[in-house]
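This briefing covers a surface patch, the strand pairing and the salt bridges of one structure. Please look at the sequence and the model before reading the points below.

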Amino acid sequence: MRNSIPFFLLFLFCSALQSQNTGTLTGSVKDKLTQEALIGVTVQIEGAALGAVTDVNGNFRISNIPPKSYNVAASYLGYAPQTRFNVIITTGNANQLNFELEPDSKSLGEVLVTENRSVRIASIETPLSIQNLSAEEIKSNPGGNFDISRVVQALPGVSGVAGTGGGFRNDLIIRGGGPSENVFYLDGVEIPVINHFTTQGAAGGPTGMLNVAFIEDATLSSSAFNARYDNALSSVLQFRQRDGNPERLQANLRVGASETAITAEGPLGKKNGKTTFLASARRSYLQLLFKAIGLPIRPDYWDFQYKVTHKINAKTTFTALGIGAIDDFYFEAPKETTPENLYILSSVPGVNQWNYTQGFALKRLIDNGFWNLTFSRNMLDNQLDQFADNADAKQTDESKRILGIKSQEIENKLRFDINRYVGNWKFSAGAMTQYVKYNNNAYTRLRAAVLDSAGAVVQPALESRFSTAIDFVKFGVFGQVNRTFSNNRLGVSAGIRADGNSFTDDGANLLQTLSPRIGLSYAFAPKWKANASVGRYYKMPLYTVLGYRDASGVLVNQDQPYLRSDHYVAGLEFVPTRVLRLTLEGFYKKYADYPVSVFNGVSLANQGGGFGILGNERVLATGRGEAYGMELFAQQKLNKNLYFTGSFTLFWSKFSNLDGQLSASAWDNRHLLSLLTGYKLRGNWELGLKYRLQGGVPYTPLDLDASRLNYASIGTGVLDYTRLNSLRLGNFSQLDIRIDKKWNFRRATLDVFIDIQNVLATVNPAPPSYTFQRTADGSAFVTTDNKPLQADGSNAIPVLIENTEGSLLPTVGVVVEF
């Protein structure tokens, strides 16, 4: 009781200081089609007698706003009104909103009638299979920890990698496709890496890199992709960043249980609003937390992000942006030598990585449209080291090495697109080219030589060792046309794309990658729409696959074609009110030319959900697959202090392996359920709840004989691929709770939050892990004959480690705006 008195006094002191402080809302309004500034738009804060009208530059400013959450509406004659929901006003930082209004009117005599469709996300280009998250939805997501990659797992059709700690990793599985099938864009600049400790070739990782303080919204498309995007088979995830505050310098500091981040923004040079900046840095201290709780892993990372926007004139804008990370994943001997801790030391590689993406974009407004020119460069430097015993962070005994990777991927990209509008027609076209460099020095111990007591070979050694360096050019063109008919009730979109490269055997033949797509949308009633799309999409094989060399130094995967996926999607959308949207969709995806490992006969579609590297081997493009199912989604934006989303997905995911037979893939959850709700209480309190349920995924059982034979040399069990995915885990479920309280002072805001993940401490199912029994101090193996461990494990005592405990993870953090 005595310990609670200081906190109670602090609560009273903060509450007294925040009386009658007000905040500011600034922003701009543009025509969505032409990007021209709109003059005279009315911007109104709902529930308050506060508003503004945009000036000659399309900008607005509203002051003296009592701090809390609002819905903000923009309306203009001849345009569909738009509402931005759950806009949080604070005194510490001026909030910014950017509206893009779309011409959409129906003429009734001399009266123009428009409909508020703000809750609708779909467009003519992407009439379905699209969802959007605002910055506030990302920040306040229970269990999300300000991590966009984790937050999107609450959307329909999206799951994380089960069986590896459940929601621990950010590998995105979209409608049954593998984690390497997604592409990511930041303000139109492709960013191949969005997670720390990324899996090379698959983009997943345990925690995200993007700073949510930069983000205005995130949009996920799981089909009906615009033709401007290449290499997407399962999804396109677009992040739109806001500009820095054009009026004054401001900053925010976030301190959580695992990291500290600081973000600054404001005008550069003269305060005329022409040049603004955003900049941030984040430092983790997870290594200290894991050391304190006795785990042997030490994840340590930095990341940095910036954006500079310069308005050259009323029609031309230049943007520079960048994001980068430095990652170090190492080990130390654990305090407690439990079987689980010792298994981690031998089964997980150490990671030393850095990466960056740097982009420059020029946007120019033209008559009835605009064009974009973008140049970017990204680089990943990846070093993986795995030894039979990783307890020493500076392990140098090469006889114990299991894995050694030193690899780099470098891409230099140039993109151009032009967008024009004539009446009800919209045209867009563009081209891109890339110069790619990839190198890799790789060693993998697949099997060690095992001899019997007489010296006879029981199992020959099997290793992969090669060095490679390749470079080539990628290129692509696209075109898209959209048209509305029947007084805007019918929308039709058609696009085509072709991609090629100078490296693969048939890469220069653009006819082999022609990817047509068409989308239809029909409003058959005022609140109902029927939508459908059909499309063919291609993805270039992974650089890790293309750069692989056999023992003779030959590039044996140069014959690989582009991976192909055909999508067929149809659905209904019902919008009964301006804040509520319900959708029902059915989908079917058919895959062809998927690479299959020659070594173990497994499709790469079943891989990529762990630490390491994907595709670093000889493959054959004989794989095929299919994923099909249905999604039900309901979303209510903030209304009477309540918001919620709910989704249920039922699907099947199957891929063929070397035998050519379709079987359940590693991502075949079957059932995905996600429920999220939040409620705004008086006094700037907010309560959020999130519940997720994922059906159990298939897994491959261990080959106990091969595991005994090889454990001493490779540190893990050996899977029985003759029974690939023949067993299935139990369901994964998790309930998360988040509570926020904000105090607003004269020029500062304090936000204290409590986030509790897995409140019910539900056990997260995972396949059993294979190891040998060790002595109490972990220094040696226990054997049946009390002699040293035999190389073939014949005198070892095998142990299967089962995951039987659920972990509750509470987090307390603060965000200070000033």
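Y679, L681, W685, L687, L689, I739, I754 and V812 form a nonpolar patch on the surface, with about 650 Å² of accessible area together. The model is predicted: local features need pLDDT of at least 70, side-chain atom pairs count only at pLDDT 80 or more, and totals for chains, interfaces and linings use all residues. Residues are numbered from 1 along each chain as its sequence is written, and side-chain values use heavy atoms, with hydrogens and water left out.

**Nonpolar patch**

- Patches are made of residues with over 30% relative accessible area and no salt bridge; like charges are joined within 9 Å, and nonpolar side chains (Val, Leu, Ile, Met, Phe, Trp, Tyr) within 5 Å.
- Accessible areas come from the Shrake-Rupley method with a 1.4 Å probe, and for residues only the protein chains shown count as cover.
- Two or more residues of the nonpolar patch come from each of β39 (671–681) and β40 (685–694); strands are DSSP runs (E, at least two residues), numbered from the N terminus.
- The largest share, three residues, belongs to β40.
- L687 lies in strand β40 and is partly exposed, at a relative accessible area of 34%; buried means under 20%, exposed over 50%, and partly exposed in between (1.4 Å probe, protein chains only).

**Strand pairing**

- Five strands make an open sheet with mixed pairing, in the order β10-β17-β18-β13-β14; two strands pair if DSSP finds at least two bridges between them.
- β10 (130–134) and β14 (189–190) are the edges of that sheet, each with a single partner strand, so one side of each is left without a neighbour in the sheet.
- Strands β17 (residues 215–221) and β18 (residues 235–241) run antiparallel and are joined by six bridges, with D217 opposite R240 in β18.
- Another open sheet has three strands in the order β4-β1-β7, again with mixed pairing.
- There, strand β1 (residues 23–31) pairs with β7 in the parallel sense over seven bridges, and K30 has E100 in β7 as its bridge partner.
- Strand β25 (residues 369–387) runs antiparallel to strand β26 (residues 401–422), joined by 19 bridges; N382 stands opposite S407 in β26.
- β26 also pairs with strand β27 (residues 425–447), antiparallel over 20 bridges.
- β26 and β27 form a hairpin with two residues between them, and G423 in the turn has a positive phi of about 60°.

**Salt bridges**

- Side chains of opposite charge can pair when their charged atoms come close.
- The whole structure holds 41 salt bridges, each being a side-chain nitrogen of Lys or Arg within 4 Å of a carboxyl oxygen of Asp or Glu.
- E216 and R84 form one of them, with the closest N and O atoms 3.7 Å apart.
- E216 lies in strand β17 and R84 in strand β6 (residues 82–88), so the pair ties together parts 132 residues apart in sequence.
- E216 is buried at 7% relative accessible area, and R84 is buried at 14%.
- E573 and R120 meet in a salt bridge at 3.1 Å, N to O; both residues are buried.
- D668 and R728 form another at 3.0 Å, N to O, linking the loop between β38 (662–664) and β39 to strand β42 (residues 727–728), 60 residues apart.
- D668 counts as buried at 1% relative accessibility, whereas R728 counts as partly exposed at 38%.
- Salt bridges that share partners join E190, D230, E411, K413, R415, R497 and D499 into one network.

Key
Helix = DSSP H or I, 4+ residues; strand = E, 2+ residues; numbered from the N terminus.
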